[in-house]
Amino acid sequence: IIQLYVPLNWFGTYYRAIQKNFVDMENMFDLMRVDSDVRDAAGAPELLVRRGGLEFKHVSFGYGPERLVLNNVSFKVAPGSTVALVGPSGAGKSTVMRLLFRFYDVNEGAVLVDGQDVRTVTQRSLRAAIGVVPQDTVLFNNTVRYNIQYGKLSASAADIISAAKNADIHDRILTFPDAYDTQVGERGLRLSGGEKQRIAIARTILKDPAIVLLDEATSALDTNTERNIQAALARVCANRTTLIIAHRLSTIVHADEILVLKDGEIIERGNHETLLSQAGFYASMWQQQLESRNSNNGNNGNTDNN
Ligand code: ATP
């Protein structure tokens, strides 16, 4: 689960923990920018977005001085390719995402987007280049339309509908009492986990970023919903540089590279076939998921294999 802890004073004391999803975090961070530890360098230029290549170069990072959460992590995501992060809870997967967004600065090494150190460009331009589909989307108490439009406030009605169609949610929206004008969120129509995720996908399609960060839902969706959402996810990732935190290994068998993160270090890397043939940590994770899926067969068809 991606969480953000915003340091609210100059001494970097973690005054309040905010457990929200990434989309809210983009918003939240703008509001709190003045109080954040992370600042734009004086006269920092905007990020020059080319094709969205990512690189972690010998990155070490800890939230406090006592413990490193990432230790000498290096990897690249080539423009347009898909890289998956897997590993046990607490391994540091979400931390990688937060560093890409520059919610924190690294202790050592560098995070590069299209060859530019994220510390040298404006935070606003960096975040504009990155779209996020979080595990659990929190919707604004506003209309369906606004919740999609948030990806690009200047979008036309036609663009919003087209994004909703690409996210496989348009037909469903038409069944809501006021269609796109239906109020959703805590004080409106409650949407299912799958519907909320589709709204997040539509929002990201509308934002049209070069880079997409995807935090796969752990268990919120049933098998049918899950299967249907794969097509929409594939569309949002197509032709974009994609970094996925994956919980179900079946969703990343086609990833260009899989990074196995454990205790803050990359212990294995390669594509699915290569990692299976190494018979290491990934192979045993895969075996475990196969077994739990088989033992779930005949129950309720829910393959929540975590
Ligand atoms: P999960 O799959 O459970 O989401 P993860 O691999 O994403 O786990 P991270 O959230 O990156 O793991 O956390 C890595 C380590 O950093 C964990 O030990 C966690 O307790 C610690 N950690 C995360 N956020 C903070 C924070 N704001 N302050 C201090 N420690 C933190």
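This is a predicted model: local features need pLDDT of at least 70, side-chain atom pairs count only at pLDDT 80 or more; totals for chains, interfaces and linings use all residues.
Apart from neighbours within four places in sequence, leucine 139 is in contact with Asn147, Val184, Gly185, Leu191, Lys196, Ile199 and Arg203. Glutamine 289 lies 150 residues from leucine 139 in sequence, and their C-alpha atoms are 31 Å apart in space.

Next come the nonpolar cores. The largest one holds 41 residues, and Val86, Ile148, Ile201, Ile252 and Tyr282 have the most contacts inside it. At least two residues of this core come from each of several elements, among them β5 (82-86), α4 (144-149), α7 (193-207) and α10 (281-296). The top contributor is α7, with six residues. Take isoleucine 201 as an example: leaving out neighbours within four places in sequence, it touches Val133, Ala167, Ile229, Ala232, Leu233 and Val236. There is also a second, separate core.

| Nonpolar core | Residues in core | Some members |
|---|---|---|
| Largest | 41 residues | Val86, Ile148, Ile201, Ile252, Tyr282 |

Across the whole structure, a search finds four cavities of 30 Å³ or more. Which residues line the second largest cavity? They are Leu99, Arg102, Tyr104, Asp105, Val106, Val111, Asp117, Val118 and Arg119. By type, this lining has five nonpolar residues, four charged ones and no polar ones.

Definitions and conventions:
Residues are numbered from 1 along each chain as its sequence is written. Side-chain values use heavy atoms; hydrogens and water are left out. A nonpolar core is a set of buried Ala, Val, Leu, Ile, Met, Phe, Trp, Tyr and Cys residues joined through side-chain atoms within 4.5 Å. Buried means under 20% relative accessible area, exposed over 50%, partly exposed in between (1.4 Å probe, protein chains only). Helices (H or I, at least four residues) and strands (E, at least two) are DSSP runs, numbered from the N terminus. Contact means heavy atoms within 4.5 Å. On a 1 Å grid over the protein atoms alone, a cavity is a set of points where a 1.4 Å probe fits but cannot get out, and a pocket is an open set with protein on both sides within 12 Å along at least five of seven lines; lining residues have an atom within 4 Å of a point. Grid points are joined across faces, edges and corners, and a volume is the space filled by probe spheres set on the points. Ala, Val, Leu, Ile, Met, Phe, Trp, Tyr, Cys and Pro count as nonpolar, Asp, Glu, Lys and Arg as charged, and the others, Gly among them, as polar.
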